[in-house]
Amino acid sequence: MNTDNYDALKTIIKIYLPEDVSVDDITPNSHLINELNINSANLVDVVLDVEDHFDITIEDDEIEKMDTVASALEIISQKVAK
Amino acid sequence: MSKQRVVITGLGVCAPNGVGISAFTEAIKKGISGIRFQQELANLNFGCQIAGQPEIPDGLLEKYFTPLQLRDLEATGITYGMIAGVDAWNDAGLSVTDKETVDYDSGIIFGTSLLGVEKFRKAIYLTDEGKVKRLGSTTVIQTMASGISAYLGGYLGCGNQVTTNSSACTTGTESILMGYDRIVNGYAKRMLVGGCNDAGPYIWGGFDAMRVLNKKHNDQPEQGSRPMQSDASGFVPGSGAGALVLESLESALERNATIYAEVLGGAVNSGGQRQSGSMTAPNSNAVQCCIKDALQDTTVNPNDIDTINGHLTATGMCPTEIKNWSEALGRSGDNFPYINSLKSMTGHCLAAAGSIETVATILELQYGMVFGNSNCNDIHPDITAIVAENKIPNKTIFRDIQIAAKASFGFGDVNCCMLFKKFNS
């Protein structure tokens with residue numbers, strides 16, 4: 001796992017966490033909605049932030065696969081490598 | 001079931017001349033203007049380059065919004081409405097419910113005209129560029145008219161009716177009557193009511209194009225809003241929000257809440273855009289009918305009204321409004337109540353006007369005062385023909401005020417008149 005990408009993603013996710021979830025609760029296996037309790041409506045904003053930060057474009061069918069931190073990182077690393 | 005009595009237990013305001021009740025109270029007592037030169041309007045070739053816009057101190061918004069909400073908050077109406085609404089709730093001594101609790105006895109009717117125009121402008125550009133995905137999740141919630149009641153409802157945890165009314169410049173006053181009706185009929189114990197209006201060129205531009213704004217005081221902004229003055233030639237646009245917590249007397253007494261005043265009732269109607277009425281001008285018969293209906297609803301004797309907080313925008317319609325009050329109340333000369341217009345200090349805050357002005361009216365009852373009219377030292381002769389000059393104070397005077405009337409009139413020929421009474425337990 002690319003730790004730079006992981007740290008960057010954690011920084012992006014941080015602002016979307018509800019009050020009772022801390023940034024320290026984030027692990028690679030965390031489910032964005034079910035475990036980190038991110039409002040599902042905000043997922044589109046997380047994607048926009050990821051696109052801006054990594055300078056990549058994420059397609060709609062890929063968004064559906066971004067359910068955990070790890071799966072998001074996988075999509076990011078594939079895109080960044082291209 | 002007998003009708004519930006309704007009282008006001010909380011006030012909040014985000015006005016061009018004062019953010020927060022204490023700053024606003026000082027401002028209206030001293031006649032402090034909130035109207036300033038707006039460089040942006042000058043850059044855009046507006047005829048009227050002055051406006052009223054609340055000045056939000058640095059760091060204040062963190063009290064009302066989460067960091068995520070603040071990150072792309074571009075709806076000024078939501079900003080102003082949240083400050084006024086949350087302040088009113090806190091002022092009433094009411095708490096915000098915890099994450100698992102819904103307060104089904106408390107509701108919100110918070111009006112606006114257009115919400116989030118700045119946000120909508122950006123969304124339009126992105127959409128036209130084919131980048132609709134870039135709109136993110138906050139475009140809808142900041143541009144839907146009910147965005148303000150939705151933001152407030154989520155913050156407070158209200159579970160009764162949560163909605164937004166819209167009736168142009170009558171909006172703020174109408175929301176009070178709508179909330180009052182809900183409590184009177186036993187459908188709610190508490191209603192947060194009020195109105196907000198966005199600021200900025202996209203809100204004010206249409207009025208500039210209609211040539212209803214004052215273009216003569218760009219170099220003297222504080223003298224620009226001149227209700228009832230002989231040379232009044234247009235209104236000064238404003239923005240902001242006002243909020244009141246209405247509560248059944250029973251609930252207020254149970255909680256041992258501070259009671260500012262009693263809402264006696266009111267009336268709402270439309271002139272049908274017939275007779276002297278049109279899309280943009282009120283039908284005087286309907287205005288008088290609305291005032292008389294409010295008297296009838298409240299069984300208030302017209303001679304018992306101590307002061308009127310008028311609509312009085314300074315477009316040249318002020319003498320007509322005064323004539324309507326005089327005929328509806330059957331009072332004139334020395335027998336006319338005191339009358340004033342907050343717009344002389346704030347400009348016309350549009351959908352927020354009625355609510356900010358009602359907050360001022362309730363403060364008049366609380367402090368036993370009639371705030372002074374600014375820029376009103378040469379009253380229009382058609383007004384002095386009806387009302388004795390000493391009934392239109394240009395400095396704040398202190399009197400025992402028991403009953404106050406507030407009315408607002410809006411585009412679409414819609415009217416609302418409310419009557420409030422000092423609370424005597």
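Reader: What makes a helix crossing left-handed or right-handed?
Author: Look at the near helix against the far one. Turned anticlockwise by less than a right angle, the crossing is left-handed; clockwise, it is right-handed.

Reader: OK, so which one do H4(B) and H7(B) make?
Author: H4(B) passes H7(B) in a right-handed crossing. This is a predicted model, by the way.

Reader: At what angle do helix H4 and helix H7 of chain B pack?
Author: About 40 degrees, with the axes 9 Å apart. H4 covers residues 76-91 and H7 covers residues 147-156. That angle makes H4(B) oblique to H7(B).

Reader: Which residues meet there?
Author: From H4(B), they include B:Gly77, B:Gly81, B:Gly85 and B:Trp89. From H7(B), B:Tyr151, B:Leu152 and B:Tyr155 are among them. By class, the contact has nine nonpolar, four polar and no charged residues.

Reader: New topic. How is chain B divided?
Author: Into domain 1 (7-261) and domain 2 (266-422). Their centres, taken over C-alpha atoms, are 21 Å apart. Each domain gives 59 residues to the contact.

Reader: And on the domain 1 side, which element gives the largest share?
Author: H8(B), with seven residues. That side divides into 27 nonpolar, 29 polar and three charged residues.

Reader: How many residues of chain B are in contact with chain A?
Author: Six, and they are in contact with seven residues of chain A. The chain B side has two nonpolar, two polar and two charged residues.

Reader: Last one. What mean pLDDT does chain B have?
Author: It is 97, and 100% of the residues of chain B reach 70 or more. For the complex, the predictor gives an ipTM of 0.89 and a pTM of 0.97.

How values were computed. Residues are numbered from 1 along each chain as its sequence is written. Chains are lettered from A and ligands numbered from 1 in the order in which they are written. This is a predicted model: local features need pLDDT of at least 70, side-chain atom pairs count only at pLDDT 80 or more; totals for chains, interfaces and linings use all residues. Two residues are in contact if their C-beta atoms, placed from the backbone, lie within 7 Å. Ala, Val, Leu, Ile, Met, Phe, Trp, Tyr, Cys and Pro count as nonpolar, Asp, Glu, Lys and Arg as charged, and the others, Gly among them, as polar. Axes are lines fitted to C-alpha atoms, for helices over the stretch in contact, and angles run from 0 to 180 degrees between N-to-C directions. Helices (H or I, at least four residues) and strands (E, at least two) are DSSP runs, numbered from the N terminus. Angles under 35 degrees count as roughly parallel, over 145 as roughly antiparallel, 65 to 115 as roughly perpendicular and the rest as oblique. pLDDT is the predictor's confidence in each residue, from 0 to 100. Domain bounds come from an automatic or database domain assignment.
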